[in-house]
There are 2 protein chains.
Amino acid sequence: MKKYIDLIEENLSSFDFGSKPKEIYEPIRYILSLGGKRLRPVLTLLSYQLFDKDFHKAVFPAIGIEVFHNFTLLHDDIMDNAPMRRGKQTVHEKWNDNVAILSGDVMLVKAYDLMLYADKEKIHKVISKFNRCAAEVCQGQQYDMNFESRHSVSETEYLEMIRLKTAVLLGFALELGAILGGADENTCSKLYAFGINIGLGFQLKDDLLDVYADSAKFGKQVGGDIIANKKTFLLIKALELASEAQKEQLNFWLEKKDFDAKDKVQAVVSLYDQLNIKSLTEQKMNEFFDNGLAILRDLPVTKEKKQPLRQLTLQLIDREK
Amino acid sequence: MKKYIDLIEENLSSFDFGSKPKEIYEPIRYILSLGGKRLRPVLTLLSYQLFDKDFHKAVFPAIGIEVFHNFTLLHDDIMDNAPMRRGKQTVHEKWNDNVAILSGDVMLVKAYDLMLYADKEKIHKVISKFNRCAAEVCQGQQYDMNFESRHSVSETEYLEMIRLKTAVLLGFALELGAILGGADENTCSKLYAFGINIGLGFQLKDDLLDVYADSAKFGKQVGGDIIANKKTFLLIKALELASEAQKEQLNFWLEKKDFDAKDKVQAVVSLYDQLNIKSLTEQKMNEFFDNGLAILRDLPVTKEKKQPLRQLTLQLIDREK
């Protein structure tokens, strides 16, 4: 796994995004230097190597996926008014909103530039699928913002939102590797479906970690979603299953303006525990991961070649941050 | 000319950009419905018909150019804090900044979608040139914003800024028509150069109209750039040529916080007149348009076929709004 991540890091830092004016290109280099798991481009390379050995051919489009992902983070952080990202100032905080809008726009253009490194005969397919994915990710972000001001959100609506906001990009990252590696249409679709499932599982794991992570390992504040009234799978499920009395308690904390953060987190977690929310969410999460692993198992590729993708999936299930 | 504009309007309003969530797709339809000259897609069609009769084949990529142009307007309006566009509320005013950022992002993606209607073997070239143009337009916008807070800007810097912000998109619109129509590399480059020149002339005409337009025909407030201290070609030239006494007067109005708009416009125009700025700007503008027309004249295409482009250029020179 390390060789793939190193390859991504090397190429991300050596790629010439541009230099002038500095207000556009410094923020691009800045956000890309903040690190992260590089999960999406690694998925592209791991998918590619199922079908072809020369995975260097997939590196630039894979980086395009990471650039696109960071473009969405950059613009989302403006919209969410987020001061920090990966423990550092966000771009709109370090510079300003205008710089963040415009350097983000250029990042999106650069993602398309990187997609053009695909073999010429594959470019129509690659860009066409990338377009669909990119529009869907934006749709997901809009639904996520809409949910903030809504009184209630159903489980189905929530799952559709995270499918758009998170899962389709993992799906496309895997499909892209398959397309570039020369897989047939049906196999490409299966890798997309594998990605959708692990993407949904991945987001539910995120929701779980925010509440139940070991704070020494998590790297962020545990309970952040609860403090911010974020409509996660856990909260939606809790509101669905709560008795009248429990609903009253939940709403008390959701509506309370002045509160001690620790008290609120403790009270809401106690309600989650009464309602068995942790295990219900794990159950749903495992369902998605199991679906994904079943699709991977059925792929007409040797077990040996699929081992890295299987191993990465298991790591996603067990991750502690 | 009318048939081309009608074709653009029809296809712009019938194209299915998407529908859900409405916060993304309503602003896209809204800004595209505000009208405008549709200059850029018309240039693509007029360029295409130099080489091929079946100009319907160029319609979707041509619309892509208009969608891209409107994406830049949408995001620029957020950055410039502009309340109005074509006499109507801007998207960030009618909705909010977040909606404007995100629907703009999707417009950029949709512009790429429309470029994919080019013949498959031309897509790499089209998208590659579109990427370069798109990044340059963003660079131009950043320079324009940077100039606002700078004490002085040179003529060279200003011309480079408007080349990036305005001219390269007209250049690409024409080059795109040539590529789609099957013109050779050299001819495509000439149409790009034609576009750069008429684009520079077009922006200088804009600068002139803002000060010297007939207010009954202009449709906007005459003198808006003067009131806002916008560093136009006229102001830059005036600051360059002014005597110490004149520079003092200009700076007096540039620095004055409380002023009567009419007084300020009158005073600055009077200084422009003393310095012969109108005629100097017209001279520079005509230089660019003449360069453009000379490139068009030398193109190895019948005079008859070039007539619409020539006529449109003459209209741009003489336009009153």
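Which rotation superposes chain B on chain A? A rotation of 180° does it, with 0.0 Å of shift along its axis and an RMSD of 0.0 Å. The two copies are thus related as by a two-fold rotation axis. For that superposition, the copies are fitted by least squares on the C-alpha atoms of residues with pLDDT of at least 70 in both.

Some ground rules. This is a predicted model, where local features need pLDDT of at least 70, side-chain atom pairs count only at pLDDT 80 or more, and totals for chains, interfaces and linings use all residues. Residues are numbered from 1 along each chain as its sequence is written, while chains are lettered from A and ligands numbered from 1 in the order in which they are written.

Let's start where the chains meet. In chain B, 32 residues are in contact with 32 residues of chain A. Contact here means that the C-beta atoms of two residues, placed from the backbone, lie within 7 Å. Which helices of chain B supply at least two residues each to that side? They are α2 (22–32), α4 (59–79), α6 (97–115) and α7 (123–148). Helices (H or I, at least four residues) and strands (E, at least two) are DSSP runs, numbered from the N terminus. α7(B) gives the most, with 14 residues.

Nonpolar means Ala, Val, Leu, Ile, Met, Phe, Trp, Tyr, Cys and Pro; charged means Asp, Glu, Lys and Arg; the others, Gly among them, are polar. And 100% of the interface residues of chain B are also interface residues in chain A, so the copies meet through the same surface.

Now one helix pair across that interface. Two packed helices are described by the angle between their axes and the distance between the axes. Helix α6 (residues 97–115) of chain A and α7(B) have axes that come within 9 Å and cross at roughly 165°. The axes are lines fitted to C-alpha atoms, for helices over the stretch in contact, and angles run from 0 to 180 degrees between N-to-C directions. That makes α6(A) roughly antiparallel to α7(B). The cut-offs: under 35 degrees is roughly parallel, over 145 roughly antiparallel, 65 to 115 roughly perpendicular, and the rest oblique.

The crossing of α6(A) and α7(B) is left-handed. Left-handed means that the near helix is turned anticlockwise from the far one by less than a right angle; clockwise is right-handed. Look for these residues on screen. From α6(A), the contact includes N98(A), L102(A), D105(A) and Y112(A). From α7(B), the residues include I127(B), N131(B), C138(B) and M145(B). By class, this contact has 9 nonpolar, 4 polar and 2 charged residues.

Next, inside chain A. Chain A is divided into domain 1 (1–183) and domain 2 (187–321). Those bounds come from an automatic or database domain assignment. How far apart do the C-alpha centres of the two domains lie? They lie 22 Å apart. The contact takes 25 residues from domain 1 of chain A and 24 residues from domain 2 of chain A. On the domain 1 side, α3 (39–48) and α8 (155–181) of chain A each supply at least two residues. The largest share of that side, 15 residues, comes from α8(A). The domain 1 side divides into 17 nonpolar, 5 polar and 3 charged residues.

Stay with α8(A). Helix α7 (residues 123–148) of chain A packs against α8(A) at an angle of about 165°, with their axes 6 Å apart. That makes α7(A) roughly antiparallel to α8(A). Their crossing is left-handed. This contact has 13 nonpolar, 3 polar and 6 charged residues.

Over to chain B. Helix α3 (residues 39–48) and helix α8 (residues 155–181) of chain B have axes that come within 7 Å and cross at roughly 35°. α3(B) passes α8(B) in a right-handed crossing. The residues of this contact divide into 11 nonpolar, 4 polar and 1 charged.

Last, some backbone details. A cis peptide bond joins K20(A) and P21(A), with omega about -5°. P21(A) is in the loop between α1 (2–14) and α2 (22–33) of chain A. In chain B, a cis peptide bond joins K20(B) and P21(B), with omega about -5°. Finally, N276(A) has a positive phi of about 65° although it is not a glycine. N276(A) lies in the loop between α14 (261–274) and α15 (277–298) of chain A.
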